[in-house]
Amino acid sequence: LSMGSEGLPSMGRAVVLVLGDVGRSPRMQYHAVSLVEHGVDVDVVGMAGTPPIDALRRNERVHLHLLPVLELPILNSKNISALGPGRLSRTLFLAYAPIKVLLQLLQLIRVLLFTVARPNFILVQNPPAIPTLLIVWFVCMIRRTKMVIDWHNFGYSLLALRLGETHLLVKVAKVYERVFGWLGHGSMCVTQAMAAWLHSNWGVRSAVVYDCPVDSFQTTQPRDKHDLFLRVSNDFVPNLEADLGVQSPAATWFTRAGRSPMDVTLRPDRPAMLVTATSYTADEDIGLLLDALRIYDTLDDSRAPASQKLPKLVVVITGKGPQKEHYDGVIRSLNLLRSSVTTAWLSQQDYPRLVGSADLGVSLHTSSSGLDLPMKVVDMFGCGVPVCAAEFPCVGELVRDGENGRVFKTAEDLASQLQEVLKGFPNSNVLSRLQRGVAESSTQRWRGNWDMHAW
């Protein structure tokens, strides 16, 4: 790693720290894998939950330290987030936050000071910044090692979504983040815009290491798509058989099998498949997507020729988060004729296959800071899937409107783009053009990009 003026050793030991569910932190897991590939022994420290990727769990040079999530039975982050915005939610958050910080502080002190061997450096994800940056800086001082910060976003901007930009705690959090960002021995971040902001506002120099797809994100072939939907469709909530019919080994909603097990083709009458991934948080508006589908349902193509007809849609929303139960209820109440909407949580093996099966991706990420990029779009591009993405200041670093996707502001914009891109499906000229744009713009993979910019 060579991200700071002092540089860091090319061999040795590292701690990769993410104060969140390790299995749902792909970038930090990929960092750990890349370090191991360069001969570094890695201690991965984070919260238990979703199983980490196989490349970490099965590597003898990786030591996993998965910490239990310590929360109170009633006053916890899930229940508070489920309340949505409002004074009650903010009040409970302010009561709960110090307890959570104290519990996390004690966990991190125990592991970083007394459990892991002394590392050459600690690579820490930010956010969350509190108490992570303080603890890592303290441990680095005690153990005479170095702190490297991987800026995914800013903790204070996420806090502002809950408390408001003018709240005193948000202002304190911003100063805290700036101070410890400046104290780091090295930094990397996810966009050119973020690197420029860090340098001009906080005096922090940061290498840009873009998110890139790993090799498992590829276009899913018809045979694999056939097998995937026979296996996982029963896990969809709600189940789509009432809308689309019962699948069988001979035919799924998208594929048809021939006489040979390998003879699987895409059905010409298949619906178009849309995929979006979400954490069900405040910076991703699932309601906007559902509103766009309601508008799409009302579009009149009765006089259009066959080459301009609008397809039916299968919309799969993947992910977990505090507002999932709310949106599951909203989805069940939908009464759409053209769209079938479902939610799913897939294994680390099946998620890339699902993304690679899609015809079009949707990103609802708007960024609390306006300076980060959604990794879900990177994964979709890795699978050759064009994306309709919500507009925010630096989304153009990834999605080039009209070339490899479309950018929208409102539900009306998104509905119009679905109409434009998918009319005549599966023989849509616009969709084909965007697919070619994705193929031309998304040639870089994680390993080559990381070796070039982080090592």
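In this predicted model, W197 is buried, with a relative accessible area of 19%. This value counts as buried because the limit is set at under 20% relative accessible area. W202 is buried as well, at a relative accessible area of 6%. The rings of W197 and W202 form an aromatic pair with 4.9 Å from centre to centre and 75 degrees between the planes. The arrangement is edge-to-face, because planes over 60 degrees apart are placed in that class. Ring pairs also join W197 and W202 to W151, F154 and Y156 in a cluster.

F229 is buried, with a relative accessible area of 0%, and W253 is buried at 5%. Over the whole structure, the search finds 16 aromatic pairs.

The protein as a whole contains 17 helices and 15 strands. Its radius of gyration is 23 Å, close to the 23 Å given by the globule rule for 455 residues, so the protein is as compact as a globular protein of that length. Along the principal axes, the C-alpha atoms fill a box of roughly 70 × 50 × 40 Å. Of the 455 residues, 54% count as buried. Among contacts with a separation of 6 or more, 71% are made by residues 24 or more positions apart.

The protein exposes about 20200 Å², and carbon and sulfur atoms supply 54% of this area. There are 45 positive and 42 negative side chains. The centres of these two sets of charges lie 3 Å apart.

Two cis peptide bonds are described here. One runs from N126 to P127, with omega near -5 degrees, and P127 lies in the loop between β4 (121-126) and α5 (132-143). Another runs from F425 to P426, with omega near 10 degrees. P426 is placed in the loop between α15 (411-422) and α16 (429-441).

R144 is not a glycine, yet its phi is about 55 degrees. The residue is found in the loop between α5 and β5 (146-151) and is exposed, with a relative accessible area of 71%. For Y280, also a residue other than glycine, phi is near 55 degrees. Y280 is in the loop between β10 (272-277) and α11 (286-298), but Y280 is buried, with a relative accessible area of 1%.

P51 is located in the loop between β2 (40-47) and α2 (54-57) and counts as exposed at 52% relative accessibility. The classification follows because exposed means over 50%. Leaving aside residues up to four places away in sequence, P51 touches G23, R57 and Q348. P51 and D21 are 30 residues apart in sequence, with their C-alpha atoms 8.8 Å apart in space. R110 is in helix α4 (residues 87-115) and is partly exposed, with a relative accessible area of 44%. With residues up to four places away again not counted, R110 touches L67 and T115.

Terms used
Residues are numbered from 1 along each chain as its sequence is written. This is a predicted model: local features need pLDDT of at least 70, side-chain atom pairs count only at pLDDT 80 or more; totals for chains, interfaces and linings use all residues. Side-chain values use heavy atoms; hydrogens and water are left out. Helices (H or I, at least four residues) and strands (E, at least two) are DSSP runs, numbered from the N terminus. The radius of gyration is taken over C-alpha atoms; the globule rule is 2.2 Å times the number of residues to the power 0.38. Buried means under 20% relative accessible area, exposed over 50%, partly exposed in between (1.4 Å probe, protein chains only). Contact means heavy atoms within 4.5 Å. Accessible areas come from the Shrake-Rupley method with a 1.4 Å probe; for residues, only the protein chains shown count as cover. Lys and Arg count as positive and Asp and Glu as negative; His and the chain ends are not counted. The place of a charge is taken as NZ of Lys, CZ of Arg, CG of Asp or CD of Glu. Rings of Phe, Tyr and Trp (its six-membered ring) pair if their centres lie within 6.5 Å; planes under 30 degrees apart count as stacked, over 60 as edge-to-face and the rest as tilted.
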